[in-house]
Amino acid sequence: MTADHGGGAGGAGPAQVGWVAEALRVHERREQEERQERRGSPQPLPGTVREELVLERIDRARRSRPRIKEDRITMSHGAGGKATQTLIEAMFLSEFSNPLLEPLEDAARLRIGGARLALTTDSFVVSPLFFPGGDIGDLAVNGTVNDLATSGATPLYLSAGFILEEGFEVAELARIVASMKQAAQAAAVQIVTGDTKVVERGKGDGCYINTAGVGAIEHDLDLGVANARPGDAIIVSGPIGDHGVTIMLARGELDIEADVISDTAPLNGLVAGLLAATSGVRALRDATRGGVATILNEIAKSAGVGVMVSENDIPVRTEVRGASELLGIDPMYVACEGRLVAVTAPEAADQALAALRAHPLGASAAVIGHVTADPPGLVQLKTAFGGTRIVDLLVGDPLPRIC
């Protein structure tokens with residue numbers, strides 16, 4: 001190997017060049033020894049060192065104790081990504097920790113007497129309040145119904161709390177309430193209690209809605225992302241990203257037109273058909289904030305497994321994909337409000353897929369990947385170009401206030 005070390009008065013002489021080369025050799029030898037000690041295995045083949053070091057760093061970061069670094073709450077803390085998980089685990093879970101909360105599922109499963117119940121709560125701050133395919137009213141009902149349904153419960157009763165800003169138009173409130181009524185009827189649930197608060201003009205954003213829901217669990221399945229096992233199939237119930245892209249375009253801040261509407265819908269009928277068709281369902285999640293990518297990471301983290309999905313198998317509408325590319329975002333991270341992700345035992349995948357496709361909301365259901373043994377805690381995507389990349393959690397959300 002030759003190199004030009006000249007270059008004028010500041011050039012290095014032969015002695016200096018030899019010293020530098022020796023120092024580099026010593027540094028590289030020490031790095032190799034340290035890597036071998038950390039892995040406890042022989043030096044990997046050339047070309048794999050960088051990947052293993054990256055995986056090691058990610059694993060160490062994920063096993064570290066969550067800590068909120070910011071002095072003040074930011075929008076990222078409500079986006080469903082890494083910042084949200086850190087806030088939940090470092091603040092709320094550390095203070096409220098108990099066996100019912102610790103699974104961090106979308107609904108708590110309770111036993112009262114001989115009955116098994118699911119309890120969930122959610123708040124809705126979507127902007128704008130009205131958008132193609134829905135509004136904050138039916139979104140509030142459907143979102144709560146779906147959290148109950150994907151916990152394996154039959155949704156029964158909801159509460160509705162309204163936080164209204166002074167000056168909000170009564171006609172718009174009436175429109176929202178009528179939408180909630182229709183959504184509740186469609187989902188076969190009742191709104192049985194509620195609350196109303198009004199804040200001063202400028203202290204709110206028109207209307208926020210908080211809901212809680214109760215449902216009955218009438219089967220013996222113990223659904224949860226921690227149940228995922230290597231070999232399990234991962235299924236998505238339909239095209240992803242419709243809701244988030246619809247909200248972003250409805251804000252009118254971008255000069256982009258696309259024929260896209262929100263997928264907001266109640267999933268309890270779809271889930272009931274799925275659970276009736278097979279007992280091999282391990283977990284269900286509705287892919288809201290953070291999209292499908294966040295759900296996959298929750299599976300990998302909770303179960304201590306790997307996840308491998310194929311980009312070519314993930315259903316995305318052409319209009320959503322095009323709008324996402326223009327916005328510079330990945331549909332994998334875009335929220336849905338009428339789609340679920342299911343983890344099933346390998347032998348149950350065909351039955352589950354058939355049951356989903358038999359329902360109008362699951363007509364485009366697809367197996368998008370499988371659970372793997374390694375690397376634990378990581379989600380990988382086989383790209384359309386034949387490569388593989390890591391699908392990590394985002395810190396925040398490219399589309400804030402979508403629900």
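The questions and answers below go from the overall make-up to single side chains.

User: How many helices and strands are there in the protein?

Analyst: This is a predicted model. Of its 403 residues, 44% count as buried. Its secondary structure consists of 10 helices and 14 strands.

User: What share of the contacts in the protein with a separation of 6 or more comes from residues 24 or more positions apart?

Analyst: Contact here means heavy atoms within 4.5 Å. Among contacts with a separation of 6 or more, residues 24 or more positions apart account for 80%.

User: Which residues have the most contacts inside the largest nonpolar core?

Analyst: In soluble globular proteins, nonpolar side chains tend to be buried together. The largest nonpolar core here has 65 residues. Helix H8 (residues 291–303) gives the largest share of this core, 6 residues. Those with the most contacts inside the core are Leu 296 and Met 332.

User: How many residues are in the other core, which includes Ile 235 and Leu 340?

Analyst: This core lies apart from the largest one. Leu 353 and Leu 356 are also among its members. The number of residues in it is 18.

User: Why can the buried residues of H9 be said to line one face of the helix?

Analyst: Helix H9 covers residues 318–327, and its buried residues are Val 320, Ala 323 and Ser 324. Seen down the axis of H9, these residues line one face because they fall within an arc of 100°.

User: Which exposed residues are on the face of H9 turned away from its buried side?

Analyst: What covers the buried residues of H9 includes helix H6 (242–250). After H9 comes Gly 328, with a positive phi near 75°. The face turned away from the buried side carries the exposed residues Thr 318, Glu 325 and Leu 326.

User: What is the angle between the planes of Phe 92 and Phe 96?

Analyst: A pair of aromatic rings is described by the distance of the centres and the angle of the planes. The protein has 1 aromatic pair by the rule used. Phe 92 and Phe 96 lie 4 residues apart in helix H3 (residues 82–96), about one turn of the helix. Their ring centres are 6.4 Å apart and the pair is stacked, with an angle between the planes of 15°.

User: Is Phe 96 buried or exposed?

Analyst: Exposed means over 50% relative accessible area. Phe 96 has 52%, so it is exposed.

User: Over the ring of which residue does the charged end of Arg 175 sit?

Analyst: The charged end of Arg 175 is 3.9 Å from the ring centre. The ring is that of Phe 130.

User: How far apart in space are Gln 182 and Val 141?

Analyst: Gln 182 lies in helix H5 (residues 170–187) and counts as exposed, at 54% relative accessibility. In sequence, Gln 182 and Val 141 are 41 residues apart. In space, C-alpha to C-alpha, the separation is 9.5 Å.

User: With which residue does Arg 401 form a salt bridge?

Analyst: The count of salt bridges comes to 8. Arg 401 lies in the segment after strand E14 (388–390), and its partner is in the loop between strand E6 (190–199) and strand E7 (207–216), 196 residues away. Arg 401 is partly exposed at 26%. The closest N and O atoms are 2.8 Å apart, and the partner is Asp 205.

User: How many residues apart in sequence are the parts tied together by Arg 389 and Asp 330?

Analyst: Their side chains meet in a salt bridge, 3.0 Å from N to O. Arg 389 lies in strand E14 and Asp 330 in the loop between H9 and strand E11 (340–344), so the pair ties together parts whose separation in residues is 59.

User: Which residues are linked in a network of salt bridges?

Analyst: A salt bridge needs a side-chain nitrogen of Lys or Arg within 4 Å of a carboxyl oxygen of Asp or Glu. The network holds Arg 285 together with Glu 105 and Glu 298.

Notes: Residues are numbered from 1 along each chain as its sequence is written. This is a predicted model: local features need pLDDT of at least 70, side-chain atom pairs count only at pLDDT 80 or more; totals for chains, interfaces and linings use all residues. Side-chain values use heavy atoms; hydrogens and water are left out. Buried means under 20% relative accessible area, exposed over 50%, partly exposed in between (1.4 Å probe, protein chains only). Helices (H or I, at least four residues) and strands (E, at least two) are DSSP runs, numbered from the N terminus. The arc is that of the directions from the helix axis to the C-beta atoms. Rings of Phe, Tyr and Trp (its six-membered ring) pair if their centres lie within 6.5 Å; planes under 30 degrees apart count as stacked, over 60 as edge-to-face and the rest as tilted. A charge sits over a ring if NZ of Lys or CZ of Arg is within 6 Å of the ring centre and within 35 degrees of the ring normal. A nonpolar core is a set of buried Ala, Val, Leu, Ile, Met, Phe, Trp, Tyr and Cys residues joined through side-chain atoms within 4.5 Å.
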